[in-house]
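Subject: Structure for you to look at

Hello,

Here is the structure I said I would pass on. My notes on what was found follow below it.

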Amino acid sequence: MMLSDEELTRYARQIVLPHLGGTGQQRLKAAKVAVVGAGGIGAAVIPALAGAGVGRLTIIDPDRADLSNLHRQPIYRSRDAGEPKAALAAQFVRRLNPFVEVAGVEQAIVPDNAAAILSGHDLVIDGTDNFATRLAVSDACVASGLPLLSAAAAQWQGQVGLFTGRPCYRCFVGDAFDADDCDNCAELGVTGTLTGLAGNLAALLALRLLAQAGEVKTGTVHLIDGLAGTQRPIRIVADPGCRACGTTSSQPPSSAPPSFSPAPSYP
Ligand SMILES: [Zn+2]
């Protein structure tokens, strides 16, 4: 996929990067990425991917901008409160980089529509705020063979992991979260810097994966501790009874607790 003179100028500082180059930039231009959730995580992921020249973005979010969320969603302005985030985020992308084709989808992802909305993308990045949506996204990705980057942040903690088939996100969190919601998120609190860190780490992994720059390990979740100032990776073990990716689907769902408590995330 050829790059115009204006694109070569726009991306000059990353085209000179080792492991990226013109070939990597062309791969980014050819890529189609679905960003599920245009909240705190998405507000970091979307500018990073659009600025870097990922060719096509689909931004999926059913909610509207809210004043109480702006501390972690800097792509929106105060006067945007009450407006649909998917459309606002798409407008942000068009203003940042006219070479990116962007579509805003004002829908919540549920098991019945997940495959239809996500199919046709090269990568799905999930930064939504509840486990039911994240599991619906993950199950659709497993069924469709789509790679999934999952990012979450709450309070001072962040988690980012790439899943490609098995183990999957459901192996990580288990089935108990299917009916969970995030009604208590407003009480837990979150720092906008943590959603930004987690979102930018997800974007970094996405760009490396799409440009084929270095190895991105799958089935590894990076844990960010904002209070301790540390980050460490943990390996996720495949659950043989996982109803999404398991090889023994006749078994009852595993009741084993996850090896690390999965964090809720903020819209
Ligand atoms: Zn699984």
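This is a predicted model: local features need pLDDT of at least 70, side-chain atom pairs count only at pLDDT 80 or more; totals for chains, interfaces and linings use all residues.

The strands β7 (residues 220-225) and β8 run antiparallel and are joined by six bridges. They belong to an open sheet of eight strands, in the order β3-β2-β1-β4-β5-β6-β7-β8, and the pairing is mixed. The edge positions are taken by β3 (101-105) and β8 (230-235); each has a single partner strand, so one side of each has no neighbour in the sheet. From one strand to the next, the twist averages 15°.

Helices against the sheet

Two helices are worth noting here. Helix α5 (residues 85-96) lies across β2 (56-60) and β3, and runs at about 170° to β3. Helix α10 lies across β1 (32-36), β4, β5 (148-154), β6 (157-163), β7 and β8, and its angle to β5 is about 170°.

A residue to look at in α10 is Ala206. With a relative accessibility of 0%, Ala206 counts as buried. Which residues is Ala206 in contact with, leaving aside its neighbours within four places in sequence? They are Leu49, Leu123, Ile125 and Leu149. Ala206 and Val216 are 10 residues apart along the chain, and 8.8 Å separates their C-alpha atoms.

Helix α3 and helix α10

Helix α10 (residues 192-211) also meets helix α3 (residues 21-30): their axes come within 8 Å and cross at roughly 105°. An angle of 65 to 115 degrees counts as roughly perpendicular, so α3 is placed in that class relative to α10. On the α3 side, the contact is made by Gly24, Arg27 and Leu28, and on the α10 side by Leu207, Leu210 and Ala211. Sorted by class, the residues in this contact are four nonpolar, one polar and one charged.

Thr128 sits in the loop between β4 (123-126) and α7 (131-144). Is Thr128 buried or exposed? Its relative accessibility is 8%, and because the cut-off for buried is under 20%, Thr128 counts as buried. The side chain of Thr128 also makes a polar contact, at 2.7 Å, with the side chain of Asp126.

Regards

Notes:
Residues are numbered from 1 along each chain as its sequence is written. Side-chain values use heavy atoms; hydrogens and water are left out. Helices (H or I, at least four residues) and strands (E, at least two) are DSSP runs, numbered from the N terminus. Buried means under 20% relative accessible area, exposed over 50%, partly exposed in between (1.4 Å probe, protein chains only). A polar contact is a pair of N or O atoms within 3.5 Å; within protein, one must be able to donate a hydrogen and the other to accept it, and residues adjacent in sequence count only if both atoms are side-chain atoms. Axes are lines fitted to C-alpha atoms, for helices over the stretch in contact, and angles run from 0 to 180 degrees between N-to-C directions. Angles under 35 degrees count as roughly parallel, over 145 as roughly antiparallel, 65 to 115 as roughly perpendicular and the rest as oblique. Contact means heavy atoms within 4.5 Å. Ala, Val, Leu, Ile, Met, Phe, Trp, Tyr, Cys and Pro count as nonpolar, Asp, Glu, Lys and Arg as charged, and the others, Gly among them, as polar. Two strands pair if DSSP finds at least two bridges between them.
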